[in-house]
Structures are given as structure tokens and as C-alpha cells.
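Keep the structure open alongside and follow the residue names as you go.

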Amino acid sequence: MACSQGKGPEALAVNQRIDVSDTPVLVQESRYPPGDLALWIFILAELLVFALFFIAYAFTRVKHVELFNQYQATLDRNSALANTLALITASYLVVRAVAAVREGDGQRCARWLWGAVAMGGMFLLIKGGEYAHHLAAGINLSTNTFYMFYLSLTFFHFMHVILGMLILVVLAVKAGQGRYGTADHVDIESGASYWHMVDLVWLVLFPLVYVMR
Amino acid sequence: MQYQSQAVAKPYFVAAIGLFVGQILFGLIIGLQYVVGDFLFPEIPFNVARMVHTNLLIVWLLFGFMGASYYLVPEESERELFSPKLAIITFWVFLVAGALTVLGYLLVPYATLAEMTGNELLPTMGREFLEQPTITKIGIVLVALSFVFNIGMTILSGRKTVVSLVLLIGLVGLAVFFLFSFYNPDNLVKDKFYWWWVVHLWVEGVWELILGSILAFVLIKTTGVDREVIEKWLYVIIAMTLITGIIGTGHHYYWIGAPDYWQWWGSVFSALEPIPFFMMTVFAFNMVNRRRRNHPNKATVLWALGTAVMAFLGAGVWGFLHTLSPVNYYTHGSQITAAHGHMAFYGAYVMIVLTMISYAMPMLRGRKAASSNRSQVLEMWSFWLMTVSMVFITLFLTGAGILQVYLQRYGADPQPFMVVQDKIALFYWMREVSGVVFLIGLIAYIASFFVGGSDPEATLEPVEAQA
Amino acid sequence: MSQAFTKAMARNIFYGGSVFFLLLFLALTFDTESALPGRDNRENITETVAHGKRLWEENNCIGCHTLLGEGAYYAPELGNAYIRLGGKEGIKGFIMSRPKDGIPGRRSMPQFNFNDEQLEALAEFLKYVSEINTANWPPNIQG
């Protein structure tokens with residue numbers, strides 16, 4: 001987009017427009033936060049919802065400590081730990097992907113992204129296994145307050161992992177097609193930001209729901 | 001007016017205003033019945049006058065949405081309406097069906113109307129806002145299909161803009177969710193659960209898309225701000241609407257027999273439902289501040305800004321006040337609900353329709369861009385009279401509601417409903433007085449169409465030089 | 001000058017977000033449907049109760065009353081009327097005793113001239129409603 005700026009003694013007239021469209025853009029303008037601002041508004045909204053749920057969980061737990069402790073013990077902490085490792089690894093792979101595309105290597109970027117998707121898939125499998133186990137035991141949202149929170153929080157997060165993976169898949173495909181490079185990779189940064197949010201939420205959820213007594 | 005076929009919007013707008021008057025007259029009747037209990041009893045019992053009041057509201061807003069669509073879609077799509085003739089036929093079908101239905105409500109006992117219209121074949125009557133006989137509902141579906149078809153064909157074969165696409169999604173959603181009004185199981189909990197798929201997913205869902213797209217259209221036209229900017233914000237606003245409002249449906253599921261977890265899901269998400277309305281307010285004021293022209297239709301700009309503010313206050317703030325389940329436990333089904341309902345409907349939907357009429361009517365009547373100064377001044381007076389009196393209606397009902405909740409639901413010695421109603425009568429009288437002022441505002445509004453007709457139109461000012 | 005955010009991203013968030021939450025809502029609805037049998041007192045929906053619901057609708061009782069807090073706010077909540085009015089007989093007695101020309105100066109309920117069978121159906125319906133698990137709503141007997 002063309003814009004005009006005062007530049008000293010030869011400053012242009014205030015309204016004069018310069019056409020810079022045929023000047024090659026070598027490096028993507030570095031902005032903070034990276035990625036599209038609209039997505040950041042969305043990320044903040046998501047974090048707000050999760051925060052509200054976490055606070056609700058905390059307040060409710062205080063009122064039902066016995067119940068929460070009792071049923072928290074029925075959760076599989078090892079699976080949750082494995083899931084934590086899967087998500088952190090995925091985030092690491094996403095970081096590598098962003099670095100790769102900043103250097104202009106779309107192919108490498110795509111490979112890192114596919115790796116992250118695979119890690120995400122592992123999360124879904126492990127969590128899905130836990131859900132199957134609960135379902136077989138007849139547990140659902142109405143079983144008791146602890147399970148209501150546990151299932152709601154983790155399922156809501158689960159759906160976000162799916163959405164995050166979908167975003168990474170789309171980005172991986174496009175990166176593999178050479179659609180992103182040093183000069184333009186805002187979408188990769190946006191998708192990476194979203195994925196990191198999903199990871200961050202789990203990093204709060206895991207200790208809060210699975211561990212803290 | 002850029003396209004001839006935009007003219008079909010005019011009868012829709014005229015019908016909308018006419019039905020609006022009917023709605024307010026019946027509103028005054030039921031407002032009076034609140035304090036003079038046997039007023040018009042038994043010829044027009046409260047429930048009959050109420051269903052006329054609410055049904056007229058919904059129908060005139062639908063006429064308004066249709067008129068708005070018929071006006072803006074040809075302009076956005078850069079082609080004539082697919083079938084102006086179909087639009088006119090649809091208009092008369094809808095108007096006659098609506099009139100007959102209202103006459104049915106007034107002239108025969110409701111149970112008799114049910115029998116006469118064959119309700120037992122597919123019983124859909126007798127639920128709030130959906131009192132229409134089943135055959136009327138079928139008529140509404142046909143009208144909606146014809147309308148969406150006409151508008152859809154126009155958009156799909158012309159230029160597709162974000163404004164028209166969002167409008168179309170909203171209108172299709174409106175039509176689809178109305179179908180749930182045909183589902184009326186014996187199971188009261190399921191009846192209520194899916195009833196809200198019509199009502200909530202309309203007014204806190206797809207109707208907001210319609211509102212957003214009309215507001216965006218009017219702002220593009222009156223401020224001259226780049227369409228790209230306005231359409232981008234429209235997407236953000238409607239995204240937040242559905243992200244918060246779909247699960248926000250849960251705030252109607254607290255006490256109707258649905259599982260308890262809705263108290264959590266509904267509270268969290270519906271607490272966020274004010275966000276899109278807040279964004280709309282910031283967006284509207286921002287666009288007007290960044291305007292690149294001073295549009296001669298100042299009344300329209302006033303309506304547009306007013307819509308954003310009142311929608312935020314009525315739907316957003318007042319909604320928030322009673323949306324959290326621990327609060328709602330005490331206020332559910334009280335005058336707090338009525339307070340919110342009035343300001344929300346007025347602020348969001350009445351005002352956006354009046355905004356669009358304000359923008360389009362001068363051109364539908366042959367002006368280039370706006371009506372005369374005299375006409376606009378009277379119109380702006382009507383804006384203030386109606387808006388301020390609605391604020392007072394809301395405040396008085398809120399007062400009534402707080403007292404009602406305290407006396408009937410909260411204290412150690414809860415008092416019976418009727419006893420409490422007597423105690424809050426003063427609030428109802430004050431509400432009724434405010435209602436009369438509202439009617440005066442509405443009369444002024446109608447008068448504004450009849451004054452200054454032969455005066456020259458307000459002038460188009462030159463584009464301001466940008467700094 | 002590059003944009004802080006693009007229309008395309010806003011559009012993607014709209015479509016993605018809407019589909020996401022629509023799916024989540026459907027999932028919660030599915031769970032609700034499976035949880036309802038334990039809460040909605042459906043085992044007591046007899047022919048008579050269903051008839052009572054139909055009468056409730058055909059006479060537009062919701063036009064003045066609330067039922068589980070929903071409806072018009074002119075007349076009392078009837079979800080717990082079975083308890084408040086003293087059972088079926090209390091309900092029938094109240095309906096039967098409405099003066100046809102109303103009570104002078106007071107909010108008045110029409111006289112519907114129901115026969116015994118209809119009164120029984122309405123009373124049964126209101127009994128059924130009073131036994132639905134509404135999470136302890138209303139807060140007290142007054143509704």
C-alpha cells in the first residue's frame with residue numbers, strides 16, 4: 001500500500017502519493033505482536049473464556065474440596081503428562097517452522113509444521129483414549145461437578161487442538177507450495193501464535209485439573 | 001436511487017411504520033392493564049393485547065428487514081432486483097396474512113382461532129411470540145422463501161460484497177431457525193429447549209448479522225470511509241457475535257429442566273455477548289469520526305450512532321446485568337426481563353430499521369440524498385423523544401423488577417405475586433407515562449414525512465480536504 | 001504501510017469460529033438430550049398430561065403467566081402452582097371460580113368454561129410440570 005512520509009528538505013507535499021508497488025520488498029516488516037491483529041483479538045477472547053472457566057473451576061473447587069480430590073484421583077496423570085510433552089514438542093516444532101520460513105525455506109517450514117501436526121494428532125489419540133475410558137465407565141457431563149468441569153475444560157481444549165491442527169495443516173500445505181517466503185509469512189506467524197495459545201492453555205489446565213490438590 | 005427496482009422497498013417501509021404504530025397502541029393498552037386490571041376486560045384480555053403487541057413488533061421488523069434488503073442489495077450487487085414483481089406479490093401476501101392473523105387474535109377467542117385454523121393437525125400455537133396459527137406460520141415460511149430466493153438470486157448473479165453476503169447469511173439463518181417453530185413436542189423441557197433455537201438464535205444470533213450488515217451499508221454511504229475498512233470490522237463484529245452467542249444460548253437453559261452445566265457454559269459465554277455490541281459502538285463512532293464527507297442526511301447518522309449506543313446499553317449492558325446464573329436465579333421471569341427486552345429490541349432492531357428508513361426513504365421519494373432541513377429536524381426530535389422515553393421505560397421497569405425480586409424472591413418472608421404487583425404499581429404508572437411520550441415521538445416521526453416536502457433538500461457539502 | 005490485520009483473516013475467524021461453536025453447541029445439545037430422561041419427568045407424560053399441554057397452549061395461558069419463568073409477567077408463575085395452590089383440587093377450584101366479567105379494577109383471568117375432563121388434564125399437566133428438575137427454581141413457593 002502506498003503511503004507518504006515527510007523525509008527532510010525534499011519532503012513531499014502532504015497529500016502527494018508515491019507509488020512503491022514496483023519496489024521489491026525484501027524483508028517482511030517486523031511487527032509486534034507477530035501475525036495478524038484480528039487473530040490476536042480472537043486469541044485474547046479465547047484466553048478470556050478459558051480464564052473465566054479456570055476461575056470458575058477454582059472457586060467451585062474451594063466449595064467442594066473433598067469431591068474434587070476424590071475424583072481427581074481417578075484421572076490418568078501419565079496420559080496427561082504424555083499429552084503435555086506432545087504439545088510442548090509441537091510448539092517447539094512450530095517455532096522451528098517459523099524460523100525456517102523467515103529464512104525463506106518453505107519446504108523445511110512445511111516439514112516442521114507436519115511434525116507439529118503429528119504431535120497434535122498424538123495428543124488427540126491419547127486424550128481420545130481417556131474419553132473412551134470415561135465413556136465406558138458411564139461418566140458424562142452430568143455425573144458430578146468435578147467431572148462436569150473436567151470434561152468441559154478438556155473437551156473445549158480438545159476442540160481447540162483440532163482447530164489448531166487444521167490451521168497448521170492448511171499452512172503446511174501452502175508452505176510446501178512455496179506460498180510463503182522471507183517477505184511474506186504473516187499467516188505462518190498467525191497460525192503459530194494460535195497454536196502457542198492452545199499449548200499455553202493446556203499448560204495451565206494440566207496442573208490445575210490433574211495435579212493440584 | 002441507482003436502480004429502479006429499489007423502489008419496491010417503499011411499501012415495505014410504509015407497512016413497517018404502520019404496524020409499528022399498531023404495536024405501540026397495543027403496548028399502551030397492556031401498559032394500562034398492568035395498573036387498571038380490568039381495562040377492556042373481557043373483550044380484549046391482556047394476553048390477546050400482548051400477543052398483538054409482540055407479533056406486530058416482529059412482523060414490522062421483518063417488513064423493515066425486507067425493505068432494507070430490497071433497497072441495499074441491488075445497490076451492492078450493482079444490478080436490478082431479480083424480480084420486483086415477486087417482491088410486490090410477497091409484500092401483499094405477508095401484509096394480508098399478518099392482518100388476518102391479528103384480526104383473528106382480536107375477534108375470536110384464541111381457542112376458537114386454534115380450532116378454526118386446524119391447529120390439531122399440527123399444533124404449533126400457544127407459545128410466546130409464536131402464537132400464530134400453523135397456517136400463518138406456513139405462510140411466513142413461504143414469504144421468507146420467496147424473499148430469500150429473490151434477494152439470493154440478485155446477489156449471486158451480481159457483485160458480491162461482504163455487506164450483501166453477511167446480510168444473506170443472516171436472512172437464511174432467520175428462515176432456517178424459524179422452522180424450529182414447527183417443533184412442539186409434548187415434553188415441555190424439549191419444547192422450551194428448542195423454542196430458544198428460534199428466539200435466541202434469532203435475536204442474539206442471525207439478526208445481529210442483519211443488523212451489522214445494514215449498519216455497515218449505511219456507514220459506507222454516509223461517511224465515505226473505505227469499504228475495505230468497514231467490511232473488515234463487520235467480519236470481526238459478527239465473528240464475536242456468533243462465537244459468544246451460540247453457546248450463549250445456554251443462559252436460557254438454567255432453570256427449564258436442562259442439565260446444570262448450562263449454568264456454567266451459559267454464564268461464561270453470555271457474559272461475553274456484550275462484546276460485539278461494544279465493538280459496534282466503537283466502530284460506528286470511529287467511522288463517523290474518520291468520515292471523508294459530511295452527508296446531508298444528518299438524521300440518518302444520528303440514528304446510526306444511536307442504534308449502536310442503545311443496542312449496547314439495552315442488549316449488552318442490561319443483558320449482562322441478569323445473565324449470570326446466580327443473579328438470574330432471582331430475576332428469572334421478572335420485570336428485569338421486561339426491562340432488558342424493551343431496550344434491547346428498541347436499541348438493536350427498531351433503531352436499525354429506522355436508520356435504514358431514514359437513509360433510504362428520501363431517495364425513494366425522489367430526493368437526491370436527504371430530505372429537507374425542516375423534515376430532518378422533526379425526525380431528529382422524534383429520535384430523542386422515542387429514545388429517551390425508552391430509556392425511562394427501561395429504568396422504571398428495572399426499578400419495578402428490583403423491588404419485585406426483593407419482595408417476592410429474595411427476602412426471608414417472600415410475598416405473593418399479586419401482592420407485590422400492587423406494591424410496584426407506581427413504577428408501572430411511570431412506565432405508562434413514558435410510553436405516552438414514546439407515542440408522541442412516534443407521531444413526530446410520522447409527521448416528519450409530511451413536513452418540509454416542498455422545501456429544498458439539505459445540501460451536499462464538498463469533500464473536506466484531508467490533512 | 002502494511003495493515004495490522006486483514007479482511008481475509010477477519011473473514012476466516014468468522015467462518016472458522018462460527019463453525020467451531022456451532023459444532024460445540026451441537027455436541028452439548030447431544031449430551032443434553034441424553035441427560036434429559038433423568039430430569040424432565042417424561043415418564044409422567046400421559047395422554048391426559050399431553051392433552052393438558054394442548055389446552056394450555058390453545059388458551060394461551062402463557063400470555064399472562066410464566067411457566068418455569070418464561071412467558072408473560074402479568075400473572076403468577078405456574079410451574080409450582082401444584083404445590084402453591086394445594087394440588088389438583090386447588091388448581092381446578094381456582095380456574096373454575098374466575099368470574100366471567102372479571103374482578104372490578106383488578107387484573108382478571110377469563111372464565112374458560114372448561115369441562116371436568118379438561119380441568120383434570122390441565123391439573124395433571126401442571127402437576128407434571130411441578131416435578132421437572134429445574135435446579136431448584138423458583139427460589140420459593142411464591143414463584
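**Notes on the three chains**

1. Helices here are DSSP runs of H or I with at least four residues, strands are E runs of at least two, and both are numbered from the N terminus. Keep in mind that this is a predicted model, where local features need pLDDT of at least 70, side-chain atom pairs count only at pLDDT 80 or more, and totals for chains, interfaces and linings use all residues. Residues are numbered from 1 along each chain as its sequence is written, while chains are lettered from A and ligands numbered from 1 in the order in which they are written.

2. Helix H3 of chain A covers residues 77–102, and its 26 residues should span 38 Å at 1.5 Å a residue, which agrees with the 38 Å between its end C-alpha atoms. (The expected span is 1.5 Å times one less than the number of residues.) Its buried residues include Ala90(A), Leu93(A), Val94(A) and Ala97(A). Buried means that 20 or more other C-beta atoms lie within 10 Å of the residue's own, exposed means 12 or fewer, and partly exposed is in between, with C-beta atoms placed from the backbone. The partners that the buried residues of H3(A) pack against are helix H4 (106–136), helix H5 (145–176) and helix H6 (186–211) of chain A.

3. For chain A as a whole, the count is six helices and zero strands. Of its 213 residues, 32% count as buried. Among its contacts between residues at least 6 apart in sequence, 79% join residues at least 24 apart. A contact here means two C-beta atoms, placed from the backbone, within 7 Å.

4. Which residues touch the most other members of the largest nonpolar core? They are Leu113(A) and Ala116(A), in a core of 242 residues. Such a core is a set of buried Ala, Val, Leu, Ile, Met, Phe, Trp, Tyr and Cys residues joined through C-beta atoms within 7 Å. Helix H7 (residues 188–223) of chain B supplies the largest share of this core, 23 residues. Domain 1 (1–38) and domain 2 (40–143) of chain C both give residues to this core, so it lies between them. Back in chain A, Ala116(A) touches Ala90(A), Leu93(A), Val94(A), Ala97(A), Leu168(A) and Trp195(A), leaving out residues up to four places away in sequence.

5. Have a look at Pro33(A) too, in the segment before helix H1 (37–63) of chain A. Is Pro33(A) buried, exposed or partly exposed? It counts as partly exposed, because it has 13 C-beta neighbours inside 10 Å. Setting aside neighbours within four places in sequence, Pro33(A) is in contact with Trp40(A) and Ser193(A). From Pro33(A) to Ala137(A) is 104 residues in sequence and 45 Å in space, C-alpha to C-alpha.

6. On to chain C, which has five helices and two strands. Its radius of gyration is 22 Å, well over the 15 Å that the globule rule gives for 143 residues, so chain C is more spread out than a compact globule. (The radius is taken over C-alpha atoms, and the rule is 2.2 Å times the number of residues to the power 0.38.) The C-alpha atoms fill a box of roughly 75 × 40 × 30 Å along the principal axes. The centres of domain 1 and domain 2 of chain C are 39 Å apart, taken over C-alpha atoms; the domain bounds come from an automatic or database domain assignment.

7. What do the buried residues of H5(C) pack against? They meet H7 of chain B, together with H2, strand S1 (66–67), helix H3 (81–84) and helix H4 (87–96) of chain C. Among those buried residues are Leu119(C), Leu122(C), Glu124(C), Phe125(C) and Lys127(C).

8. Last, the B–C contact: 60 residues of chain C are in contact with 59 residues of chain B. H1(C) gives the most to the chain C side, with 14 residues. That side divides into 28 nonpolar, 17 polar and 15 charged residues. Here Ala, Val, Leu, Ile, Met, Phe, Trp, Tyr, Cys and Pro count as nonpolar, Asp, Glu, Lys and Arg as charged, and the others, Gly among them, as polar.
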